Amino acid sequence: MIRVATDVGGTFTDLVYFEIDEKTKKAKKISNAKSDTTPPNYEQGVFKAIKKSGISISEAIFFAHGTTVIINSITERKGSVTGLITTKGFRDSLEIARGDRPDFFNLRYKKPKPFIPRYLRTEVPGRMDFLGKEIEKLQLNDLKKIIKSFKSHNVKSIAICLLHSYANPKHEQVLAKKIKQQWPEFEIVTSSELTREWREYERTNTTALCAYVKPIAKNYLDNLFIELKKYKFKGNPYVMQSNGGIDTFESTKKTPLTIIESGPTSGVLGAAEIGKLIGVKDIIALDIGGTTAKCSLIEDGNVKINTNYWIEKNRTSAGYPVMLPVVDIVEIGNGGGSIAWVDDYKKLHVGPQSAGASPGPVSYGKGGNSITTTDANLYTKRINPSYFCGGEVNADIKSVDKHISTLSKKLKLTKIETARGIIRIANNNMTNALKLISVNKGHDPRDFTLVAFGGGGGMHATSLAMELNIPNVIIPINSAVFSAWGMLMSDLRRDFILTKLNKMDIDSLGSINETFKKMETKAISNFKKEKIHKNLIQFQRYASLRYLGQDHSVEVLLPSGTYDKKELNKILISFHKQYEKEFTYSLDNPVELIQFHLVAVAKIEKPKLEKRKKTGREVREAIKSKRKVDFDQLGERISDIYDFDKLEPNMVFNGPAIVEDSSTTVVVFPGQRCKVDDYANLHINTQKKK
Amino acid sequence: MAKKIDPITVEIIQSSLQAACDEMFIAMRKTAMSSIIYEVLDFGTAVTDSNGNIAASGAGIPAFIAMCDKAVQAVLKKFDDKDINPGDIFATNDPYNGGVTHLNDVIVVMPVFSGKKRIAWTANIAHWPDLGGMAPGGISADATEIFQEGLQLPVIKLFNQGKPIQSVIDIIISNSRVPQYTKGDMWAAIASIRVGEKRIKDISEKYGRDTFEKSVDLFMEYGENSSLDSLKKLKNGTYYGEDYLDNGKKIQVKVTITNKEFIVDLRNNPVQDTGPNNASYDGTVVSAQMAFKGVTSSDFICNAGTFRPLKVICDEGSMFNPIRPAAQGIYYETDIRSYDLIWKTISHLNPDKSTAGSFASICGTFMGGTHPDTNEPFIIIEPQIGGWGASAAGDGMSANFSAFHGDTFNTPAEIHEARHGLYVNQMRLNNQEGGEGKFNGGKGIIMDYRVRSKNAWVSVAYTRSKTLPWSLNKGREGSANYIEVIRKNKKIEKYSVVTGLGLEPGDIVRIYTGNGGGFGDPKKRNKEMIKSDLLNQYITKEQAKKYYGYKK
């Protein structure tokens with residue numbers, strides 16, 4: 001029996017699998033394989049990776065899949081022609097957006113262009129109010145005309161978003177049903193099946209994007225499924241969602257925008273799972289890739305999600321909102337490929353521009369002439385020049401030297417000072433991002449463990465931890481294919497979110513209790529359609545609370561069951577506490593519940609991980625060589641170079657040291673101590689020995 | 001002589017300053033009570049050096065970038081060093097005394113100490129929705145003295161060494177028509193400057209006080225050098241410009257540009273208004289700063305150094321520099337017109353940035369009444385979005401907030417209806433004529449508020465209702481900003497300035513914001529673009545024929 005996860009990334013398609021012992025149900029072996037990503041027929045890359053791994057898919061009992069297909073078809077504008085039907089008076093909502101302009105001094109600012117042009121944005125009369133009461137009947141007299149126009153413009157997919165449908169989705173449902181009956185050739189997405197949150201522009205844009213990618217996503221998942229069947233796959237395949245869970249192909253095909261961030265999410269989930277395995281509950285997850293670094297905070301084992309997610313938003317563009325539950329990730333343009341540059345005033349910057357995969361960093365010798373963070377790490381010999389990319393590439397040291405020299409002349413620094421400077425600035429950018437998710441929200445980094453992965457995780461994590469006073473760093477085994485690993489550890493998860501205003505007082509208790517109950521019933525019937533029994537489902541309730549009159553809210557974890565006065569007071573106390581933690585004060589003002597959030601998780605049976613075997617090898621036998629490594633202010637030190645693959649449980653060694661395998665480099669600073677755990681994860685204590 | 005600081009440390013300190021301002025900004029946005037703060041982002045945060053020179057800022061509104069420094073300087077003028085201690089918090093809203101704008105904008109500032117030495121200040125300016133005054137929301141077109149516009153906080157102490165001065169706070173709260181909001185907004189502002197104080201202290205302690213202070217100085221030098229370099233690219237000379245206010249009065253400016261200076265001479269302008277259409281000298285300086293920044297460099301570096309080459313001259317007693325106790329409630333329409341005038345006069349100097357005129361009004365809209373479902377009072381205070389000017393590079397942008405706004409968000413119809421108990425019947429692009437050109441001005445909006453409550457009222461004070469957005473190179477002028485009140489009996493009233501106009505259930509307040517000015521002869525517009533305009537119903541067939549000479 002095997003369990004397989006595949007992750008289609010921008011450049012590579014990763015595959016990770018467990019072989020499971022039939023008797024003990026324990027994972028015998030974790031292995032991985034990599035293949036090139038193959039656009040536009042992404043499924044081919046998946047099967048190439050399967051072939052390369054040598055596994056037989058007919059033995060798989062579990063297949064989880066993460067993909068960038070959705071986000072790619074959005075960023076490359078390769079979705080289907082989409083039409084919009086909205087409430088009379090609001091067809092311009094998509095174009096007006098919110099009127100914001102982050103590029104302050106640019107009077108020629110251009111708003112992001114809507115995904116549906118004005119001539120495909122249509123209106124129907126009919127009104128709900130904010131309480132969900134119908135105040136004007138839905139009128140469909142013009143529907144025929146609308147559909148005719150859609151057909152003449154080759155529309156394939158229709159987005160339906162009506163005002164106040166979060167409070168009452170009836171009109172949307174009637175409209176969708178009518179189109180489905182009469183014109184089954186269209187794909188349809190209604191806003192209310194995606195989200196029940198208010199703000200019409202955000203909801204309309206989310207619905208538009210979902211309809212835009214739906215035909216492609218359906219086609220893709222269908223093809224993948226047919227191929228899997230060809231290889232005699234017998235289990236149920238799943239797709240990684242942006243909310244940190246997996247879901248079935250069937251469910252994903254209905255609203256495929258939910259997998260928009262499936263890759264980054266599974267890495268965060270992996271960090272949470274590692275934590276569970278070794279008993280660490282408060283974690284800062286950090287994923288340093290080629291162009292960006294992403295971080296997320298895990299508190300008490302729970303991955304945080306929110307629905308305020310935007311794509312293509314930056315300091316010069318307002319971007320597009322996606323109002324769906326997405327793991328709360330802060331992303332910055334700093335990765336291994338980020339370019340170091342000097343401005344007209346002799347100031348050094350790193351990123352957000354990246355050298356990408358081609359030409360890549362200077363050291364790749366593929367014609368790149370912009371020094372990147374990777375080059376600086378190589379110049380300081382933190383990366384092994386003679387084992388570059390696992391020995392697959394001959395590092396072009398000469399070019400690195402030449403281009404660092406150019407930068408250093410502009411800066412009037414020495415070459416080594418320049419290389420150190422690049423690393424320090426890159427680290428500072430990442431430190432600021434880490435502060436945003438921790439200190440800024442009232443969390444003390446000293447209470448957390450930094451779990452770092454991705455190509456650059458091990459290279460930077462230890463200095464970041466020192467900067468933020470994080471006492472412990474964990475570099476997980478398989479850190480380079482960590483996202484795929486995270487998928488293997490995930491459960492079926494669906495988030496149900498509903499905007500519904502309730503005062504947090506005794507009079508509202510009935511309404512609050514009833515709403516949660518209704519949501520749970522809905523979740524159960526939702527899972528039932530896919531033959532998932534209600535006994536397998538676990539609920540987690542959250543409520544967004546705020547002081548009456550405020551807009552932003554704090555999401556509070558609620559107990560299950562029916563609430564009474566006593567319970568209500570407990571909830572209020574925990575709200576005030578959480579509010580004060582985040583914002584330094586609390587008020588005695590009345591409190592309002594603005595949003596219900598129900599998480600329904602259907603647990604999937606997962607194998608227990610096997611520990612790494614001990615051969616009784618001595619720690620010094622894992623040392624493959626020694627080299628001089630530059631540790632910035634601590635200077636150049638002769639360091640032990642450890643082979644990651646030879647490390648065994650309970651081995652302990654001190655920095656200065658480097659741990660390497662073919663895809664990972666871990667920097668252990670002088671004074672830091674590294675311990676190998678039972679699963680061969682590295683634990684690095686950053687508190688200096690006295 | 002201190003030892004030389006390495007440039008990498010300097011860079012890290014400078015970017016940490018920016019990060020601290022951003023963090024202060026986020027803290028305020030998340031905790032504020034009033035939608036004008038958290039949604040419209042009518043607020044800003046800043047860090048200054050120990051003498052009140054702006055070092056870095058975070059703002060939702062470009063107009064708020066360089067404001068907080070004046071308040072810090074006012075504190076330093078009024079208080080002796082021995083009365084400025086760790087944990088103190090000061091506040092001002094007095095436009096004649098560091099408050100810059102109008103009484104609703106309250107600035108709170110806090111000194112940052114490292115050891116016993118003051119090394120910086122953190123500051124926050126935000127629009128508090130009501131601090132008393134003759135009209136709800138404080139702003140009335142009928143005000144003739146600042147005393148009618150609310151409670152004045154003439155550079156006062158709010159906290160003494162970490163302890164709130166409760167009696168002062170009580171006075172402020174009890175002077176507000178919406179005390180809960182005021183209390184919440186005040187605490188949000190305090191939370192925000194405290195976050196900043198802690199962060200700045202950490203930075204200074206980590207790198208050392210001298211290194212910190214030196215880095216701040218260097219940052220300002222950097223800002224100054226960047227401005228001087230941009231100035232060198234503009235053609236030296238003296239440029240004259242004029243425009244007309246909706247009341248027919250002429251406004252004028254002379255801008256003199258040399259390699260080292262950018263002098264804005266606003267003398268010989270109308271004497272101060274007997275009403276609230278005045279802007280303080282500090283406010284006028286902010287207008288000039290924005291125009292200066294717009295024509296020089298559009299990067300995000302904005303500190304005291306950036307504006308060192310700028311000088312602003314105004315007559316005392318004029319609408320751009322009034323004498324106490326002139327009212328200033330509607331300062332923003334005065335500021336945006338002086339800004340617009342300067343922009344019109346100099347934007348051609350930088351062909352990569354120049355544009356035709358925009359709707360150039362905040363279109364501040366105030367409504368109030370009793371929510372028909374909850375029976376609670378509500379106040380709407382909101383700016384409107386409108387059309388921007390076209391340029392040689394293409395059509396202007398539709399439906400965006402004015403140049404004074406930045407990362408400002410409009411209020412969704414769904415939230416309006418729930419929170420304010422009215423219906424938003426429509427929110428669409430303005431299909432009126434105006435702004436046609438080879439490149440069209442961006443479109444304004446048409447938005448309807450249908451009233452539900454019995455005792456509702458509306459106040460507006462829009463500018464550019466008569467003098468329309470200017471065009472360039474034979475394009476057509478843009479269109480007007482105004483409102484219509486469509487009574488239940490279908491009678492239509494039209495206003496651009498009105499205070500406390502009574503409304504009945506069923507009445508509709510229809511807001512029109514202007515299209516921006518066009519660029520180039522409309523007859524020269526590309527045929528494919530006209531076809532697309534027709535397909536998208538941005539223009540009618542008749543308009544296509546009439547203005548663009550388009551025949552199918």
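Mentor: Helices (H or I, at least four residues) and strands (E, at least two) are here DSSP runs, numbered from the N terminus. The model is predicted, and local features need pLDDT of at least 70, side-chain atom pairs count only at pLDDT 80 or more, and totals for chains, interfaces and linings use all residues. Residues are numbered from 1 along each chain as its sequence is written, while chains are lettered from A and ligands numbered from 1 in the order in which they are written.

The part I select is helix 4 of chain A, residues 143–152. Its buried residues are A:Ile146, A:Ile147 and A:Phe150. A residue is buried if 20 or more other C-beta atoms lie within 10 Å of its own, exposed if 12 or fewer, and partly exposed in between, with C-beta atoms placed from the backbone. On the face turned away from the buried side, helix 4 of chain A carries the exposed residues A:Lys144, A:Lys145, A:Lys148 and A:Ser152. The buried residues pack against strand 5 (82–87), strand 6 (121–124) and strand 9 (157–161) of chain A. Contact requires that the C-beta atoms of two residues, placed from the backbone, lie within 7 Å. Just after this helix, A:Asn154 adopts a positive phi of about 65 degrees.

Elsewhere in chain A, helix 11 (residues 397–411) and helix 12 (residues 415–437) pack at an angle of about 90 degrees, with their axes 9 Å apart. Axes are lines fitted to C-alpha atoms, for helices over the stretch in contact, and angles run from 0 to 180 degrees between N-to-C directions. Helix 11 and helix 12 of chain A are therefore roughly perpendicular to each other (under 35 degrees is roughly parallel, over 145 roughly antiparallel, 65 to 115 roughly perpendicular, the rest oblique). On the helix 11 side, A:Ile404, A:Ser405, A:Leu407, A:Ser408 and A:Leu411 meet A:Lys415, A:Thr418 and A:Ala419 of helix 12 of chain A.

Chain B as a whole holds 11 helices and 20 strands, and 62% of its 552 residues are buried. One of its strands, strand 8 (residues 237–244), contains B:Tyr239, which counts as partly exposed because it has 16 C-beta neighbours inside 10 Å. B:Tyr239 touches B:Val255, B:Thr345 and B:Ile346, not counting residues up to four places away in sequence. The C-alpha atoms of B:Tyr239 and B:Ile346 are separated by 7.1 Å, although these residues are 107 residues apart along the chain.
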